[in-house]
Protein chains: 4
Amino acid sequence: MAGPEHSCGVVGVAADCDVVFYMHRALNVIQHRGQESAGISVFSEGKVTTVKNDGLVSEALNEAALAGVSGKVGIGHVRYSTVGSKGVLNAQPFTVEYNGGTLAIAHNGDLTNHRELRAQYLDKGWSFISDSDSEIIIRLIAKYLSEGEDIIKAIRSTMAKIDGAYSLCVLDNDVVYAIRDPYGFRPLCIGKVAGGYMAVSESAAIDSLGGKFVRDVEPGEIVRITKDSLESFPLDKPSQKAHCMFEWIYFARPDSVMDGREVYDVRKQVGIILAKEAPADVDLIMPVPDSGRAHALGYSIGSGIPYEEGFMKNRFVGRTFILPDQKLREQAVSMKMNAIRSTVNGKRILIVDDSIVRGTTLKKLINVLRDAGAKEVHVRIGSPPIIAPCYYGVDMKSRDQFIATKYSVEEIRKIIGADSLAYISLEGMVKALGFPADDLCLACTNGLYPTPIEGEKLRPQKQ
Amino acid sequence: MAGPEHSCGVVGVAADCDVVFYMHRALNVIQHRGQESAGISVFSEGKVTTVKNDGLVSEALNEAALAGVSGKVGIGHVRYSTVGSKGVLNAQPFTVEYNGGTLAIAHNGDLTNHRELRAQYLDKGWSFISDSDSEIIIRLIAKYLSEGEDIIKAIRSTMAKIDGAYSLCVLDNDVVYAIRDPYGFRPLCIGKVAGGYMAVSESAAIDSLGGKFVRDVEPGEIVRITKDSLESFPLDKPSQKAHCMFEWIYFARPDSVMDGREVYDVRKQVGIILAKEAPADVDLIMPVPDSGRAHALGYSIGSGIPYEEGFMKNRFVGRTFILPDQKLREQAVSMKMNAIRSTVNGKRILIVDDSIVRGTTLKKLINVLRDAGAKEVHVRIGSPPIIAPCYYGVDMKSRDQFIATKYSVEEIRKIIGADSLAYISLEGMVKALGFPADDLCLACTNGLYPTPIEGEKLRPQKQ
Amino acid sequence: MAGPEHSCGVVGVAADCDVVFYMHRALNVIQHRGQESAGISVFSEGKVTTVKNDGLVSEALNEAALAGVSGKVGIGHVRYSTVGSKGVLNAQPFTVEYNGGTLAIAHNGDLTNHRELRAQYLDKGWSFISDSDSEIIIRLIAKYLSEGEDIIKAIRSTMAKIDGAYSLCVLDNDVVYAIRDPYGFRPLCIGKVAGGYMAVSESAAIDSLGGKFVRDVEPGEIVRITKDSLESFPLDKPSQKAHCMFEWIYFARPDSVMDGREVYDVRKQVGIILAKEAPADVDLIMPVPDSGRAHALGYSIGSGIPYEEGFMKNRFVGRTFILPDQKLREQAVSMKMNAIRSTVNGKRILIVDDSIVRGTTLKKLINVLRDAGAKEVHVRIGSPPIIAPCYYGVDMKSRDQFIATKYSVEEIRKIIGADSLAYISLEGMVKALGFPADDLCLACTNGLYPTPIEGEKLRPQKQ
Amino acid sequence: MAGPEHSCGVVGVAADCDVVFYMHRALNVIQHRGQESAGISVFSEGKVTTVKNDGLVSEALNEAALAGVSGKVGIGHVRYSTVGSKGVLNAQPFTVEYNGGTLAIAHNGDLTNHRELRAQYLDKGWSFISDSDSEIIIRLIAKYLSEGEDIIKAIRSTMAKIDGAYSLCVLDNDVVYAIRDPYGFRPLCIGKVAGGYMAVSESAAIDSLGGKFVRDVEPGEIVRITKDSLESFPLDKPSQKAHCMFEWIYFARPDSVMDGREVYDVRKQVGIILAKEAPADVDLIMPVPDSGRAHALGYSIGSGIPYEEGFMKNRFVGRTFILPDQKLREQAVSMKMNAIRSTVNGKRILIVDDSIVRGTTLKKLINVLRDAGAKEVHVRIGSPPIIAPCYYGVDMKSRDQFIATKYSVEEIRKIIGADSLAYISLEGMVKALGFPADDLCLACTNGLYPTPIEGEKLRPQKQ
């Protein structure tokens, strides 16, 4: 899928050793969640040091940047969105000094009442340094702390004010708190690593550190993390869940497990169900590499039709060469993926991808296949059509950007030039995900939002 | 495979338009054949301009480097080997001015009598500017031209002097010649592109330009290429072929076709034959991404055992972070590939790769699988053990670097920690390749060399 | 002089055209005041855009960084000090959103009650995003504005709270304010440029824009700057001035004029007076390039002894080559300046510089002269010995760093290896400066501070 | 002067220690002679290693480039001219392998019969790798060595073939030869350094290494340099000298001494003579920094009129900011130099520079002075008008580029906007230089060439 890009990723670690390496590796493993900036805050000898810069983890947190930075407790962040001023001012972690020391925050998600809260506190005489909704979260926590609340109380008071999606790692001097909003929109899980504990957006990061997955942070829960212990502060009453289905379908790594469901397995199930829902009389099944691979394998299993790798990615294609004319430029884009002629030539082919946002990439791939001699090209999509914006942390803010709000499936088929096109049904996808539909946020596919959003429909509420 | 790296890649184009873009794209497509330096020479308005630099095509031939460079005829090169002095002095194309104008050469392969020829001409009073065997080729052509021979005669006279492997693109002022040694060690093929013709190491480059594959350059053949025509100057008598089998097994792109055989298909056949030769009682077949994917699909087809993607590459892992201790450093290397726990856990797994050189990568991958809960890990290899050096252009120069010269298959199994290990037989691989064994260079697997090499055995000669 | 580095520089412009170019050039001209980071804030279409980065103006504010940035009102900053966290978090301009819009600030100087103010407001529940004393200034202004004061009142209320040195440019939405503390420690002046008006740290920046110097901002004055007008809000009662004498002696450009005195002329007068106070029987007068040139010319005029350029700077000396041993490393440092042997050989030489902080550079230069054959080397210094720290914006915070607090003049002479050494007297320097001594801050040379500093002596107060 | 840029610089060292640092520093000191590329060749353990790259010494020969490079004998080069192909192919040292080992060459100067020699040897069947005239020199030496001549004989045979300007350092395996053409166009001198001897273009490099100047290489002389000895192979008969006068007037460092004359002193004498030849009724004398400083001091001495520093260079002016319109762009160029208003305002000023090539810089400076209030601006030039091209190594190849071939002195005065303009006379300059006119090459000022050049006049030959 070439449309909605990733949101953000967070990590927090407390251990009996320098945690900079832990955070660096973990941020690398969740780098796909945000490639605009990266940062860490560590606590050492009474003070918090923050390093954050634009770019990939390997650039933003390179050796020079991290020289002399160490500590046994810290949080980190990779960031996608580009809201706000230029430069690294909105990079995270975001830190403030308050009268009890230093607070730092790493945030994945979007507050839905950010503008209202901001206006309200501006009217109270506050001034804000950034455009980020994370600033209001940390300033509110600091405010409640300054007013004498303890940290758990201060976080709860803050959670009572803020609405929307937030998975947070908060560093209060030398203690890490992992916090997830009451709906559990974005993932956050806990792991045991050598010498301590960590919280991180995706479990694959725990694996990569040789650690053991402990459990997910529950919706609405606050977990206090020290090198020796995990202490839970759950919500008083169980919340109504709304896990973002797109995390499994598209965002997360295949090797992550979230809220009990393995991502790779969900995608394979999607393929198996798609094969039943939308069969095709073809010679072979091919994935769009690398996003559609698990879905395509599932379709092959479900249909009994052979799986083949028929695309070849051009790893080294440079981005800097300005091409002489428009036609060449279009060719150059297609050049990112070649077809293996011997596999494709004369065949009826079905390709599987996770989603369609604008359809431009698929159109090019179908052309590549036809140029390589494919007799027919059919397309199956591992999610229902996207028709509504996301207010919970995915960069799909406007209905205009979705092909499926403007065209019917048949029209999209014509636009991308496929011989047939089918999406998995909402029911089919929910079944593959393995959760009750009520526990998922499906708003981008059905327009029913788990929380009140002005101008949008609220999903039916549980009794 | 992490051992023998690629050799080099060449391209030559003549067309009725600026060929710089053609060469730039073609070199990008064959970038896997050499990532140390890249260069092009173009002829325009009576003179040859050469741009060559260290680095990938996208860096070495970036916009700034190519500003103002254009021409309707040219050759290009990507280079692997690091023989000779530092810097770009050995980058190609290599050019000389002679009394008839300018010659430029792009060379893939190694001469086996380079040292003897060099000594011989030093004794005749020549001086050499570089360590490269390509210099002696072009200086000999220039010498014969200066002595009044026509270009075809001069190339033939040069070919009579030089032994070993060479696929060449030569630019003599405004004409391109594609030349392949009499054994056809390295690939070279011809394509029709809009406005003209091209020669290039791999056919995928022709596809990527929207061109049509015409044919391979025959062993020993010289092809004169102009925008309008191809003129063939074949060897007088048919040569004894010796195509490097490693080109299909490892070097070339899956989407290339060389000497009539599709690379992807060869690899799948290897897998199918391996499944028959060395069956295994396992739950699933997994490729080592991306090198073993076609072989593994073949094994799955041959065995009827499901194919799964169980490894996840970490795309963003940075190379610059210096890790605090040796143990972390080892972990970091393994971090390039994670296992998908849900796929692997509790399973008997067979992984397939194209070859083993040192065995270090496989050992790490097997560890990763066991850490992720694999019950058994079996390994199948798509080529016979490598036991002898290559003198024909692959960077495997010493017997010491091969694990298979020091250890038995059983010992290697123990070293890498597999539950079972098997290589395809030489016969099996030859069968998959689809050529008579006599037409292949199999020296690295059987120690029998197609041409006389001091201290090595000559393969039985055809009558 | 190689010791106290520069403080900071500020600019503010309002004009009937895009002011980004004005600010870029002005910051370049005052680049010597701060080379750690550079930034600008411009107001356009209802919002303030800030671009700031580490590095020189030419890097931090390069074309890419400024792409699309424009506006008719703006402020800018170059920064020296390295207080606070790593990275650009402390770069300026510093901006906040308050309930009336956006405030931005550029600050040159140091508050002397920063820690007290910060503690006081932390106790009131505020949280701070940076370590910078500029944050408290702008947050206080925002606070008073939020409480309903008008901007002039809010600035006055803030000035009533803050002590120490501050020359400020403040951007309140689309209006620029230039503000100078009541003592006038740091310079700030006003100019007329095509289409509007500007405030800037040094008058040379006005010249370089083809503008006309209007006047200095008075100590304690606020000047509202629009494209059409200058509006003055002076202090109610005249303040006691304390212009930093080092601005003329060392910091400022020779081509600047501050508080009515030309820098180049002050330095020449210093030399003339030095020649009377501390004559020497030598053959020639040489400057330490480029800092001592005007002083040396003055000494030559005052003494009638010929002026010669006897040092040659090595412009291209690289900083990156790590030298094999300590001795070579020392030589390498000396290599930044060679002597012109023909000028120096056999001569009695007097060199003039502006100040001595640690003495290491002078020692090396004297060695260079002796190696080149100088018969005698005498040294004259254009300021009195520095013996006390600066709390008003110069990076000389500790007594330990001054050679003159540890050694007598005679001891320093021996350390640097001169045949004679003399400093100008305090009276002499004050005379050259041309101000009443009461209007200058001379604390670093006499230990008497214009404002109360804990643990330091207050200078006698005017009645 | 902003016109003719520098030619090249060479160095050769033999010592009882690693000479890489010696060469690195020496090349830094002569960096002004060429800033396009830099390189060194060192001999160690039987082989020559060459490192050369584009850029300044500090970039081209940075730590990474020199890692592991060491040796007790070596030569080095900094290069100006941009003749030939792109990239580092024409960077020096230039090396060849011949049957006796390796030869390397570093060359300052231009051969006047390069094209003829090249054609001649192309006709003999040679092929050339570069466009550089240095290749033919080294290939000829190699040829004569291969034919059995000893190295001195081979160099002499080569010198018999080549015409024009050449100061060479040649490395024949482990011995360094310093060679100067029979006219002595370009400088080359010998020094004693710790552990050995060196040859270098300018004596300042010897000083900077703490060495002692020994003597100049004589015109036509070959000097064999080892760590222990200097062995001279002079010309049989004394040659007719033709030292390039521009070396003293413009190219060389003020702190160098060449052929017995100190550069700084020559320039001061030029000023003194100019003051007599072309007096002016002005208030002060100012140099164009930094090129005219010594000339201006001389004029001040000669005239008795005070010397002042009235220009201020803007050190930090960036080159990358693209300015919005042409007018601003012109202003930006002027911004490289500001006037010190207090010095300049209301004064009659005389500025001195070394030469005028195109006049554009002077025109701008005069404007800057007038904008700063100068009442009159007079210009004096320390060399006669340049009216003829240089064929001996200076990049002034065409008559069209000289303002003085197109305009009279009065016209030039008007173009640059001066109140008066005068050049030193040829006789005056020769007198300042202190050589017989017959020993100088004055061709660029009088059109009479020391050696035959097709289409140019030969200077009267000595009997």
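Modeller: Gladly! A charge sits over a ring if NZ of Lys or CZ of Arg is within 6 Å of the ring centre and within 35 degrees of the ring normal. This is a predicted model: local features need pLDDT of at least 70, side-chain atom pairs count only at pLDDT 80 or more, and totals for chains, interfaces and linings use all residues. Residues are numbered from 1 along each chain as its sequence is written, chains are lettered from A and ligands numbered from 1 in the order in which they are written, and side-chain values use heavy atoms, leaving out hydrogens and water.

Let's start with a ring in chain A. The ring of A:F128 has the charged end of A:R139 over it, 5.3 Å from the ring centre. Turn to chain D and you can find D:R139 over the face of D:F128, with 5.3 Å to the centre of that ring.

Rings also meet other rings. Rings of Phe, Tyr and Trp (its six-membered ring) pair if their centres lie within 6.5 Å, with planes under 30 degrees apart stacked, over 60 edge-to-face and the rest tilted. Over all chains, a search of the whole structure turns up 42 aromatic pairs. One of them joins A:W126 and A:F128, a tilted pair with 6.0 Å from centre to centre and 45° between the planes. A:W126 counts as buried because its relative accessible area is 17% (buried is under 20%, exposed over 50%, partly exposed in between; 1.4 Å probe, protein chains only). A:F128 is buried too, at 1% relative accessibility.

Another tilted pair is in chain B, where B:W248 and B:F435 have their ring centres 5.1 Å apart and their planes at 55°. This pair links distant parts of the chain, for its two residues are 187 residues apart: B:W248 is in helix α8 (residues 246-251), and B:F435 is in the loop between α16 (426-433) and β23 (440-441). Helices (H or I, at least four residues) and strands (E, at least two) are DSSP runs, numbered from the N terminus. Both B:W248 and B:F435 are buried. Back in chain A, ring pairs join A:Y183, A:F185, A:Y391, A:Y392 and A:Y449 into a cluster.

Now let's visit two tryptophans in chain C. C:W126 is in the loop that runs between α4 (114-123) and α5 (133-146) of chain C. With 17% relative accessibility, C:W126 counts as buried. Contacts are heavy atoms within 4.5 Å. If residues up to four places away in sequence are not counted, C:W126 touches C:Y121, C:R139, C:L140 and C:K143, along with A:E97 and A:Y98 from chain A. From C:W126 to C:R139 is 13 residues in sequence and 9.8 Å in space, C-alpha to C-alpha.

The other tryptophan, C:W248, belongs to helix α8 (residues 246-251) of chain C. Its relative accessible area is 2%, so C:W248 is buried. Setting aside neighbours within four places in sequence, C:W248 is in contact with several residues, among them C:H243, C:M258, C:R261, C:L433, C:F435 and C:L440. For a sense of distance, the C-alpha atom of C:W248 is 24 Å from that of C:I75, 173 residues apart along the chain.

In helix α4 (residues 114-123) of chain B, the buried residues are B:H114, B:L117, B:R118, B:Y121 and B:L122. What do the buried residues of α4(B) pack against? They pack against α5 (133-146) and α6 (151-161) of chain B, together with β5 (94-98) of chain D. On the face turned away from the buried side, α4(B) carries the exposed residues B:R115 and B:D123. Just after α4(B) comes B:G125, which takes a positive phi of about 100°.

Helix α6 (residues 151-161) can be followed in chain D. Its buried residues there are D:I151, D:I152, D:A154, D:I155, D:S157, D:T158 and D:M159. The elements covering them include α5 (133-146) and the strands β6 (101-108), β7 (167-172) and β8 (175-180) of chain D.

Finally, let's see where chains meet or stay apart. In helix α9 (residues 263-277) of chain B you will find B:K268. B:K268 is buried, with a relative accessible area of 12%. Apart from neighbours within four places in sequence, B:K268 is in contact with B:A294, B:L297, B:G298 and B:I301, and also with A:E308 of chain A. Chain B and chain C, by contrast, have no contact, and their closest C-alpha atoms lie 17 Å apart. Chain A and chain D do not touch either, with 17 Å between their nearest C-alpha atoms.
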